[in-house]
Amino acid sequence: QVQLVESGGGLVQAGGSLRLSCAASGSIFSINDMGWYRRTPGKQRELVAAISSGGSTNYAASVKGRFTISRDNAKNTVYLQMNSLKPEDTAVYYCNADIATDKWEDDYWGQGTQVTVSS
């Protein structure tokens, strides 16, 4: 059984910073791409940032220059450093990872963590 557990969400004023963490646990053989998505009411889920196993990154245009994704492969953990937060960044943020176990490879999701940016 593989689990992704997120932490680090909360309430922050505009211009502030938050750091999200997502740790994968279970019978993990390897982790390929990891990423962060977000969803706001009435909108589709959107990719915020992604990072490959080799460290290549890509970002949504709306967060480029403000957010930084990183990972610690030894800890099976991905991070999202969010700076210069704006009210429009308010959303539920979900961690995602492509994980191979000894039985199969599948896409896994965290439970979501709320980020609220006040103006």
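**Entry 1: Ser-21.** I looked up Ser-21 and found it in strand S3, residues 18-25. Strands here are DSSP runs of E with at least two residues, numbered from the N terminus. The model is predicted: local features need pLDDT of at least 70, side-chain atom pairs count only at pLDDT 80 or more, and totals for chains, interfaces and linings use all residues. Residues are numbered from 1 along each chain as its sequence is written, and side-chain values use heavy atoms, with hydrogens and water left out.

I checked the accessible area of Ser-21 next. Ser-21 counts as buried because its relative accessible area is 17%, and buried means under 20% (1.4 Å probe, protein chains only). I then listed its contacts (heavy atoms within 4.5 Å). Leaving out residues up to four places away in sequence, Ser-21 touches Val-5, Glu-6, Ser-7, Trp-36, Val-78 and Tyr-79.

**Entry 2: the sheet.** I traced an open sheet of four strands, ordered S1-S3-S8-S7, with antiparallel pairing. Two strands pair if DSSP finds at least two bridges between them. S1 (3-7) and S7 (67-72) are the edge strands, each pairing on one side only. From one strand to the next the twist averages 15°, with axes fitted as lines to C-alpha atoms and angles running from 0 to 180 degrees between N-to-C directions.

**Entry 3: S7 and S8.** I counted six bridges between S7 and S8 (residues 77-82). Opposite Tyr-79 in S8 I found Ser-70, and opposite Gln-81 I found Thr-68. The two strands form a hairpin with four residues between them, and Asn-76 in the turn has a positive phi of about 50°.

Notes. Buried means under 20% relative accessible area, exposed over 50%, partly exposed in between (1.4 Å probe, protein chains only).
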